[in-house]
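This briefing goes through selected side-chain and backbone features of one model, grouped by topic. Please keep the structure open while reading.

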Amino acid sequence: MNNSRSLEGAHAFKVRTWDWGFHLNIERETTTRTIMDSPQLGLIDQSFNSRYTSWVREALDELPDNFTITDPSISGHPIVFASRGFLKMSGYLKDEVIGRNGRIFQGPRTNRRSVMKIREAIREERTIQLSLLNYRKDGTPFWMLFHLSPIFSKEDGRVIHFLSVQVPIVRKLRSEDGNILQEIMFGSCRREVCSDSVIELARCRALDSFVDSDHRVLEAEESCEATDLEKRKAASAINSIFSVLTHYSELTGRLVCGKRCNSSVIAPLSSSFIISLGRIKQSFVLTDPHLHDMPIVYASDAFLNLTGYNRHEVLGRNCRFLNGPDTDPKAICQIKESIQSDQACSVRILNYRKDGSSFWNNLHIAPVRNATGRIAFYVGVQIEEGCKNEGTRGLSPEMRQLGTVGAIKVAVRSLSMGAGSSKS
C-alpha cells in the first residue's frame, strides 16, 4: 500500500480517504487547497468570532494539548480550530487541516466499529471516549485515546461545536528482568520506522509482536487500550479547554458549557427518519432516555388522534402527562422498573385524553437499540381497550404491538447506518 500523503499546494492528489461511516478503503480523487474558498473561510471565521473574543485562538494555542474543534452547522462538519500540539503530532500544516473533515486522519486499519460509534455520538450529541488508530500526514499509523465532547450554547442548549481531544497511547516495553527497554508510541513502531537500537532488542519477547512483521504489528494493535494515566490526561485537557472557551465566551455574553443547559431543547430527528416513522400507522411515541426526564421526541398521528393533543403539546414532555387521578400507581411503578432494567413490558393502565376523558390503555414499552447495540430510544405502543382497529387483518393486539416495535427498530438501525453524514 502506498502510504504517501504529501500535500502539494493546490494540486489534486490521490489518497485513500475513509468516511466516518462504512465505506472504508474506497479510493477516490481528493483535492486539497492551501487557500480555502472565501465563503467557506468566512463561515469558519464566523464560527469562532460570533461566539468568542478574538483572543481565544491565542489562548487555545498556548495549551499543550492535542485537540481539534469542529462545527456541525457548516456543511461537511469541518475542523475550525486545530491546536499546535495536534498539528505537530499529525504532521499537517494548519492550512491543510482547517476546513476539512476529521476523516482525513483515518486509514485502512481504522476500526469500522469505532467509526460507527463516533458517528452515533455525533448524531446523538453526546460524549464518547475510545481508542482509535489514526494516520499522520506521512502515512505512519498511531494509536490514540480519542475523546469527543459536544460544546453547548448556554442560551438555548444547542450544540455549536464538537471538541476532539487526542492523547497518543504510549507503552513502556520491559525486558524479562523488568527493566524499561524503550518507550514507544503504540502502533507507530513498524519495521520501516524502527530505529536500529529497537531492532537489536527484537530478540526480547517484549518486542516480538512489534517488529516481527507488519502482520504481527497489527495483531498487537488490535488489543490497544489506553492507560488510566492517558485517560486522566484526556480529562485534564477537556477541563483546560472548556475553561478557556467558557472564559472567552463570557466576554461576548454568549456563554458555552459542557452540558446541555436547557433541557427543554430537543435535537430534531432527521427528515428521512421521520418519513420512515410516518409509515407506521399504529399509535406510539418515542422517548429519549439520554435527555433529562426522558421526553417524547416523536409522536405518531394515531397517538395524537387517540389522546386529542396537538404535536407541539406532546413533544418535549414526559409520558406521565397522560396519567390522572385514578391511574394505578402500581402500573406506573411497573413501567419505571422495566425502564431501569432495560426490559420490555406490557401493562394495562388508565390514561386520560386532553379533554379529560379516560380510556384503558394496553401499553407496550420496549427499548430500541441502534446499530452499535446502544439504547437509542424507548417506544411506547398504545392500544385502546375495546376499540376495533380496521385493517389489522385479525392480528391480536400483542402481535400489532410487536410488529410496530419491529418496524421502529428497522427504522432506527437504518438511521444509525446511513444518516448523520452532515455531522461527520
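Thr 110 has a relative accessibility of 3%, under the 20% limit, and therefore counts as buried. The model is a predicted one. Thr 110 belongs to the loop between H4 and H5, and a polar atom of its side chain lies 2.8 Å from the backbone nitrogen of Gly 107.

**Aromatic pairs**

- The structure contains eight aromatic pairs.
- One of them is Phe 67 with Phe 81, a stacked pair with 5.7 Å from centre to centre and 25° between the planes.
- This pair connects distant parts of the chain, since Phe 67 is in strand E3 (residues 67–70) and Phe 81 is in strand E4 (residues 79–82), 14 residues apart.
- Phe 67 and Phe 81 are both buried.
- Tyr 92 and Phe 105 make an edge-to-face pair, with centres 5.4 Å apart and an angle of 80° between the planes.
- That pair also links distant parts of the chain: Tyr 92 is in the loop between helix H3 (84–90) and helix H4 (94–97), while Phe 105 is in the loop between H4 and helix H5 (112–124), 13 residues apart.
- Tyr 92 is buried, as is Phe 105.
- A cluster is formed by Phe 48, Tyr 52, Phe 67 and Phe 81, which are linked through ring pairs.

**Charges over rings**

- Arg 317 places its charged end over the ring of Phe 321, 4.4 Å from the ring centre.
- The face of Trp 360 has Arg 348 lying over it, at 3.8 Å from the ring centre.

- Strand E11 (residues 284–287) is covered on both faces.
- Phe 284 and Leu 286 are buried on one side of E11, and Val 285 and Thr 287 are buried on the other.
- E11 runs antiparallel to strand E15 (residues 375–384), and four bridges join the two.
- Within E15, Tyr 378 stands opposite Thr 287.
- E11 is also antiparallel to strand E12 (residues 296–299), with three bridges between them.
- Val 285 has Ala 299 in E12 as its bridge partner.

**Helix H9**

- Helix H9 (residues 228–250) has 23 residues, which at 1.5 Å a residue should span 33 Å; the end C-alpha atoms are 33 Å apart, so the two values agree.
- Which residues of H9 are buried? They are Glu 230, Ala 234, Ala 237, Ile 238, Ile 241, Phe 242, Val 244, Leu 245, Tyr 248 and Ser 249.
- In an α-helix there are 3.6 residues a turn, so residues three or four places apart point the same way.

**Strand E8**

- Val 170 lies in strand E8 (residues 170–174).
- Its relative accessible area is 31%, between the limits of 20% and 50%, so Val 170 is partly exposed.
- Val 170 and Met 144 are 26 residues apart along the chain, and their C-alpha atoms are separated by 8.5 Å.

**Cysteines**

- How many disulfides does the structure have? With a disulfide taken as two cysteine sulfur atoms within 2.5 Å, the count is zero.
- Cys 319 has 28% relative accessibility and so counts as partly exposed.
- Cys 333 has a relative accessible area of 37%, so Cys 333 is partly exposed too.

Notes:
Residues numbered from 1 in each chain as written. Predicted model: local features only at pLDDT ≥ 70, side-chain atom pairs only at ≥ 80, totals over all residues. Heavy atoms only, no water. Buried < 20%, exposed > 50% of the residue type's maximum accessible area, 1.4 Å probe, protein only. Phe/Tyr/Trp six-rings, centres within 6.5 Å; stacked < 30°, edge-to-face > 60°. Lys NZ or Arg CZ within 6 Å of the ring centre and 35° of its normal. Pairing = 2+ DSSP bridges. Polar contact = N/O pair within 3.5 Å; in protein donor to acceptor, adjacent residues only side chain to side chain. Expected span 1.5 Å × (residues − 1).
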